[in-house]
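Let us walk through this protein chain from its overall layout to its details. Keep the model in view as you read.

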Amino acid sequence: MNRVRHLDQTVAPSSGITELVIANTSPEQAALIMPMIAFLTQSCVNRWVTWIAPQHLSREFLESFGVDTRYVRLIHCSDEASRLWITWEALAAGNSHTVISSPGKLTDKELKQLENAAYQGNCQGLLLRVR
C-alpha cells in the first residue's frame, strides 16, 4: 500500500496542540509565521483557520503573505485571560481545522485542557509563544 501523502490533498487535521516559540514580536517574525498560515488556509477549505490575535490584522496584510482570507476567521482579543477561554472554545467547537492563538504562559493543567478541547473538536491548535 502506498502511504505517500501529497501536499495538494485536503486531509483531516490531526488533533492536538503544537507550540511554536518565537524570539520576539518583531515584524520579521511575520515572515516566519505567515507562510504556515497561508498554507493552512489553502489546504483545508471545508473548515476555518481561526486566529485569535492580540492585535488587529488587516485583510491586505494577510493577503500580502498569500493567506486566503475566505477561510480565515480572525478574532481580536487583547486580554490574555479571555484569549485562553476563547482559544478553548474555538478548539472544542469543531468548526476549525486549526486554531492559532497566543494565550501566554500556560500551566500544565491549562495546556491539558486545550489539548482535550482540540481532541473534542477534531482540531489542531497552534500556540504562538514569545520568549
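Helices and strands here are DSSP runs: helices are H or I runs of at least four residues, strands are E runs of at least two, and both are numbered from the N terminus. The model is a predicted one. By that definition, the protein chain has four helices and five strands. Along the sequence they follow the pattern β-α-β-α-β-α-β-α-β.

Next, consider the chain as a whole. Of its 131 residues, 40% are buried, where buried means under 20% relative accessible area. The accessible surface comes to about 7900 Å². Carbon and sulfur atoms hold 53% of that surface. Now take the contacts in the chain with a separation of 6 or more: 74% of them link residues 24 or more positions apart.

Start inside, with strand β2. How many of its six residues are buried? Five are, so the strand, residues 48-53, is largely enclosed by the rest of the structure. Two partners of β2 can be named. One is strand β3, residues 72-76, which runs parallel to β2 and is joined to it by five bridges. Here Trp 51 has Leu 74 of β3 as its bridge partner. Another is strand β4, residues 96-101, which also pairs with β2 in the parallel sense, over five bridges. There Thr 50 has Val 99 of β4 as its bridge partner. In a regular strand, side chains alternate between the two faces of the sheet.

How does the chain get from β2 to β3? Helix α2, residues 59-64, belongs to this step: β2, α2 and β3 make a right-handed β-α-β unit.

Now turn to helix α4, residues 108-120. It has 13 residues. From first C-alpha to last it reaches 18 Å, close to the 18 Å expected at 1.5 Å a residue. Which of its residues are buried? They are Leu 114, Ala 117 and Ala 118. Seen down the axis of α4, these buried residues fall within an arc of 100°, so they line one face of the helix. An α-helix has 3.6 residues a turn, so residues three or four places apart point the same way.

What does the buried face of α4 pack against? The buried residues meet β1 (16-22), α3 (80-93) and β5 (124-130). On the other side of α4, Asp 108, Lys 109, Tyr 119 and Gln 120 are exposed. After the helix comes Asn 122, with a positive phi near 50°.

Key: Residues numbered from 1 in each chain as written. Predicted model: local features only at pLDDT ≥ 70, side-chain atom pairs only at ≥ 80, totals over all residues. Heavy atoms only, no water. Buried < 20%, exposed > 50% of the residue type's maximum accessible area, 1.4 Å probe, protein only. Pairing = 2+ DSSP bridges. Right-handed = clockwise from strand over helix to strand, strands pointing away. Contact = heavy atoms within 4.5 Å. Areas by Shrake-Rupley, 256 points an atom, 1.4 Å probe, with all protein chains shown as cover. Expected span 1.5 Å × (residues − 1). Arc of directions from axis to C-beta.
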